[in-house]
Amino acid sequence: MLVQAYFRKSVAATALAVTVLSGFTALPSISFAQDSSAAATAAAATAKAAKPNVVVLATGGTIAGAGASAMNSATYSAAKVPVDKLLAGLPELANVANVKGEQVFQIASESFTNDNLLTLAKRVSALAKQSDVDGIVITHGTDTLAETAYFLSLTVKTDKPIVVVGSMRPGTALSADGALNLVNAVSVAGAQDSKGKGVFVTMNDEIQTARDVNKDINIKTGAFTSQWGPLGMVVEGKNYWFRAPVKRHTSNSEFNIDSIDKLPQVDIVYAYGNVQPTAVNALVDSGAKAIVHAGTGNGSVADRMVKPLQDARSKGVLIVRSSRVPYGFVLRNAEQPDDKYDWVVAHDMRPEKARILTMLALAKGGLSTAELQRMFWEY
């Protein structure tokens, strides 16, 4: 009996010891798992904090377009894919930045209006003021992309990078260019070395300044060029800079979208052989505050157009001489006596961008031709 009792006690003691020891040996295992999980969470949080925060504002265009088949690179419907699907289709963006998307419009860019410009620029300005936003990307149709980019560069007062991007082919096409263009745009918008350089257009691996870039080809992926050359290139997420913009923009601009609620009517008259003053007279009658004359050559004005433009100026309408020639620039008092007629020259600014600057200048009020000419030299 005594032996049995002793045996039972020994077994019980051994079982207790095993249980206690098992508990002690299990505790470090649980603790290690918890520590690993916490470390992984902390590492993920650190990695996220290390990446820039970029907001993508979507407005539609070809980059959000879709064709009937992969063979349709030029025939498609624009502005079909919403921003959430656009971003979801690019998981690579997560390696570049913390990206959020917002649908501002869903339209083809040829339908952009002054009200669209104001709405978009005000939203960009509001985001630029947020401490948790490091850069802003705007997806846009290519037809008026350069005009919108220039408008933003004149009106949004920030040193944070703003990038406008589009594509020449819909995402459904073979060799679609939109995906890489957008990744590059986010990369440029989130880069520290992009700060203070204004508004960019990133297309075809090039970093272009909004002021100089224009759409020069309507069917190729290398559609956007500048006669003064790109600022640099973005390759595999790294920026390579070769020059900096010298004209006034963004934080150094005298225009501020926060105080602009309406844009005056400014129109363009295109010069050609046998041109008649019909358009000038009609635009003056419709209330135009300024007319940009897209002249031939060095902003030349046909003899039969001089008097109608002089008459328009006498009625208070500002006259800006530009050229339909894509490269070069208009010389003041060459071809026409601008001082005598109280006209302004657009310098190297194309007609559609001259219109943008003139609208903003007029919106300030009390504008003289001398003031407007100064702006064309400086911006």
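Student: What makes helix H9 count as mostly covered?

Tutor: In this predicted model, 10 of the 14 residues of H9 are buried, where buried means under 20% relative accessible area with a 1.4 Å probe and protein chains only. Among the buried residues are Pro351, Lys353, Ile356 and Leu360. Residues are numbered from 1 along each chain as its sequence is written. Because the model is predicted, local features need pLDDT of at least 70.

Student: Why is the span of H9 called close to the expected one?

Tutor: The expected span is 1.5 Å times one less than the number of residues; H9 (residues 351-364) has 14 residues and reaches 20 Å from its first C-alpha to its last, so it is close to the 20 Å expected. H9 is followed by Gly365, whose phi is positive, near 85 degrees.

Student: How do you know that strands S13 and S14 pair?

Tutor: Pairing requires that DSSP find at least two bridges between two strands, and 2 bridges join S13 (residues 318-323) to S14, so these parallel strands pair. One of the bridges involves Val320, whose partner in S14 is Val344.

Student: What makes S11 and S14 the edge strands?

Tutor: The open sheet of 4 strands has the order S11-S12-S13-S14, with parallel pairing, and S11 (266-270) and S14 (344-345) each pair on one side only.

Student: Why is the crossover from S1 to S2 called right-handed?

Tutor: The strands S1 (residues 53-60) and S2 (residues 98-107) run parallel and are joined by 7 bridges. The chain crosses from S1 through helix H2 (residues 83-88) to S2, and the crossover is called right-handed because, with the strands pointing away from the viewer, the path from the first strand over the helix to the second runs clockwise.

Key
Predicted model: local features only at pLDDT ≥ 70, side-chain atom pairs only at ≥ 80, totals over all residues. Heavy atoms only, no water. Buried < 20%, exposed > 50% of the residue type's maximum accessible area, 1.4 Å probe, protein only.
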